[in-house]
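Look through the structure below before reading on. The text then takes a helix and a sheet in turn.

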Amino acid sequence: MSDYILEVNNLKMHFPVRGGIFRRQTGKVHAVDGISFSVRPGKTVGLVGESGCGKTTAGRTILRLYKPTEGEVLFDGKDLSQLGKRPLQSIRRQMQMIFQDPFESLNSRHTIGYILEEPFIIHRIGTPEERKKEVKRLLDTVGLPESAGDRFPHEFSGGQRQRIGIARAIALNPRMIICDEPVSALDVSIQSQILNLLLDLQEELGLTYLFIAHDLAVVKHISDFIAVMYLGKIVEYTDADSLYHNPQHPYTHALLSAIPVPDPTIKTKKQILTGDVPSPINPPEGCRFHTRCPIAIDRCRSDEPELSAAPGTEGDVHLVACHRAGEMALLMEKKIKDIL
Amino acid sequence: MAGNNKIILDIKNLVTAFQSESGLQRAVDGVSFSLRRNSTLGIVGESGCGKSVTALSIMRLLPKPAGQYLEGEILYEDTDILKIPPDRLHKIRGNRISMIFQEPMTALNPVQTIGRQLAEVFELHYPEMDKIEILKACVDMLNKVGIPSPETRLGDYPHMISGGMRQRVMIAMALICKPDILIADEPTTALDVTIQAQILSLIEELQKETGMSIIFITHALGVIAEICDDVVVMYAGRVAEKASVVELFKKPKHPYTKGLLASIPRLETERKSRLSVIKGMVPALDEMPQGCRFENRCPDAMDICRTDPPPVVETDKGHFVSCYLFN
């Protein structure tokens, strides 16, 4: 048995693109293209990147909502990517998901009580009375009144629905929860309530989180380790504080500098990336970021950099996929001086 | 707030309401603020606080007949937009005051090319221009908002370009008539951070160039801090606080503003520490508290807050707050 609850090795998820009158496969979307990372029990790994970078697909493939094209997902040492339907169902008890849109992830025809009872019914746990008691306990855990059980999803606000989604996810005492943008649809004052709830639950129940989001400030707040994704690949992986204080990849650097700072007296010199994210159907040769990278050299256009230990960070876990990683700090300083 | 800056848009005690099954619901209830020439005013608040309705009222774009302007004035250079006849309104709307929206995909027409949609604006507002002049002007506009190879882009349909590019097209369209005022309703909310940074710097550049005034509506305090000069904080259809941006972030007074500022996770806050929260949630329009609308969530609520709505008072020069703690 290893130290990790989840190990992802070279995971790939490609979706076919069909065209023409015979719907032949004309290409594929490289949504997730060879990512590897591992999560220790009780910890949180954040997966961050812009829309279309494959972070949501990664989360869903890990849960086996998609069958991966290649690679393995080891949960407790068992490879999920090869499991059949029955063994998968028992594993899913231990691994749950919270979705982004609290308006679409709850069945609007069921009462909250039934929505929360359903996991127990599916897995044939307890008698009806015991299940009712469990529902009550769950509502209490996420801070909703008992009377909520008799009401329907439309009677609740976004924040309350997200609480219901969380209650459903923790119903069967899972060990791991994949949170897919759980707070990005919520208002600021509600967002902090939900983040606090997730942190409290982690402490009480010893949960492991894979936290997927695009907001770096939120991810940094809740995660122990962070993986930055760009076009289906992890470009940097390290602990949350190092990522913020010592980013080694130019993309991470740009992401951090693009976050608006809620303080008008700080006028940061932004390093604005030009252009858009290229299409994952036909990703650029070499380093995938070279089309937007301010410090790209010829080598970046032909050789794809490996995710490997960043120079000067021996002893810590700090992986980066960039040919110029060692020169980053210096280069960026010079670049900013040039702009000024 | 320097006195030499002339006010271009003055909103006084605006009340807009929607007819619903349970009666008239006041979505905006007595909002006043003014926009200075060549400056950016931010309106910040959570969903349902009335910030978008305020913006739509300025353009007189509320859906009819459900939306009604009950009270107040919107003075644009001494003309009350709420009272003028439609033909004069058309001379102001889209011409002197333009608007860009949150989701550029829904704001653009999906079955017309970008070129056609841009050309339409010229045809409407500059009937004297001929086709070739219009085509050239369209290319110029796209160039101005930083769209690469604009000649080829003119033939594209909105679904063929990315979200950031669509927002650039929207901005180009809004700026054709060189408006005095640009109303931007959450223009970067649907975009990624790196694209958001591009669009914000584009808006700032264009403002420097044209000297237009901007009303920037958002729920993101970070964006407000970045580009606004003055800020109005709205809560449940009313103004909670208004001040210059530095003053507001340095000395927030209203408990709601304070709560908002404290609740956002920042890059420098300690990891996994519990964030401070504003308890509860915004009440629905038909169950608004009688007194201060923030009363049921306020940590400092007093007896008077439950019965009488607090007036907006000036506590420091240019710093207005609607709270009995300062009255």
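How many residues does helix H5 of chain B have, and how far does H5(B) reach from its first C-alpha to its last? This is a predicted model, in which local features need pLDDT of at least 70, side-chain atom pairs count only at pLDDT 80 or more, and totals for chains, interfaces and linings use all residues. Residues are numbered from 1 along each chain as its sequence is written, while chains are lettered from A and ligands numbered from 1 in the order in which they are written.

Helix H5 (residues 131–144) of chain B has 14 residues and reaches 20 Å, close to the 20 Å expected at 1.5 Å a residue; the expected span is 1.5 Å times one less than the number of residues. Helices (H or I, at least four residues) and strands (E, at least two) are DSSP runs, numbered from the N terminus.

Within H5(B), B:Cys138, B:Met141 and B:Leu142 are buried (20 or more other C-beta atoms within 10 Å of the residue's own, C-beta atoms being placed from the backbone; exposed means 12 or fewer, partly exposed in between). These three lie on the same side of H5(B) because they cover an arc of only 95 degrees around the axis, taken from the directions from the helix axis to the C-beta atoms. On the other side, B:Ile132, B:Glu133, B:Lys136 and B:Asp140 are exposed. After H5(B) comes B:Gly146, with a positive phi near 75 degrees.

In chain A, eight strands form an open sheet with mixed pairing, in the order S6-S7-S8-S3-S9-S10-S12-S11. Two strands pair if DSSP finds at least two bridges between them. Strand S6 (95–98) and strand S11 (308–309) of chain A are the edge strands, each pairing on one side only. Strands S3 (residues 44–48) and S8 (residues 208–213) of chain A run parallel and are joined by five bridges.
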